[in-house]
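Colleague: I would like to learn how to read a fold from its coordinates. Could we work through one case together?

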Amino acid sequence: MMKLPIAPLYGQVPCTDSMKGLRAFLYCRVAHNDGFSLDLQSTELRRFAEQAGFTIAGEAAEYGSGLTLDRAALKEVTQAVNNDKVDVVLVKSVTRIARDMWRLQEYIDLLAAHGVSLYCVQEQLLFRGEA
C-alpha cells in the first residue's frame, strides 16, 4: 500500500506524484437539506481526486449535524476504513467531519489506527494515518 508523503502532522501538504494511486473515499456533509451544496462538495472532491491521481474507492454524502460522529454516511466511511478499502478520506473542509475539536480528534485517531489519512481540500490539511 502506498503512503502519503511525509509532512508535518498538521501542516499544509501539496498534492504530489507520490500520492497517485491511493484509494480515496469522498465524504460530503451539510447540516440542512441542501442538495446543491452536497453536489458542489462532491464535484470538488472528485475533481481533486482526479487531479491527484487517486482511485475513488467510495463516496458518501449526508445531511446531518457536525456535533456528533453518529451519522449514517460517516459510518459508511468508517466501515470502508475498517475493511481496509481506503488509504485516504477526502473532505472539502475539516468541519465536514466534526465541528467539535474533540470529536474531530477522535475520528482522526480512528483513521490513524488503521493507517488511513484525512485530507481536507479547502485548508490543504493532511492528518497522516500511520498505524
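Modeller: We will go from the secondary structure to the sheet, the helices and the cores. This is a predicted model, in which local features need pLDDT of at least 70, side-chain atom pairs count only at pLDDT 80 or more, and totals for chains, interfaces and linings use all residues. Residues are numbered from 1 along each chain as its sequence is written, and side-chain values use heavy atoms, with hydrogens and water left out.

Colleague: How many helices and strands are there in the protein?

Modeller: Helices (H or I, at least four residues) and strands (E, at least two) are DSSP runs, numbered from the N terminus. The protein has three helices and five strands, and along the sequence they follow the pattern β-α-β-α-β-α-β-β.

Colleague: In what order do the strands form the sheet?

Modeller: Two strands pair if DSSP finds at least two bridges between them. Here the five strands form an open sheet in the order 2-1-3-4-5, with mixed pairing. Strand 2 (55-63) and strand 5 (125-127) each have a single partner strand, so one side of each is left without a neighbour in the sheet. From one strand to the next the twist averages 20°. Strand 1 (residues 23-30) and strand 3 (residues 88-91) run parallel and are joined by four bridges; Phe-25 stands opposite Val-89 in strand 3.

Colleague: Which strands does helix 2 touch?

Modeller: Contact means heavy atoms within 4.5 Å. Axes are lines fitted to C-alpha atoms, for helices over the stretch in contact, and angles run from 0 to 180 degrees between N-to-C directions. Helix 2 (residues 72-82) packs on the sheet and touches strand 1, strand 2 and strand 3, its direction making about 155° with that of strand 2. Helix 3 (residues 101-113) lies across strand 3, strand 4 (117-120) and strand 5, at about 130° to strand 4.

Colleague: Which residues have the most contacts inside the largest nonpolar core?

Modeller: A nonpolar core is a set of buried (under 20% relative accessible area, 1.4 Å probe, protein chains only) Ala, Val, Leu, Ile, Met, Phe, Trp, Tyr and Cys residues joined through side-chain atoms within 4.5 Å. The largest has 24 residues, and Tyr-27, Val-77, Val-89, Ile-97 and Leu-118 have the most contacts inside it. Helix 2 gives the largest share of this core, five residues. Leaving aside neighbours within four places in sequence, Val-77 is in contact with Phe-25, Tyr-27, Ala-60, Val-89 and Tyr-107. A second, separate core of 17 residues includes Val-30, Leu-45, Ala-52 and Phe-54.

Technical notes. Buried < 20%, exposed > 50% of the residue type's maximum accessible area, 1.4 Å probe, protein only.
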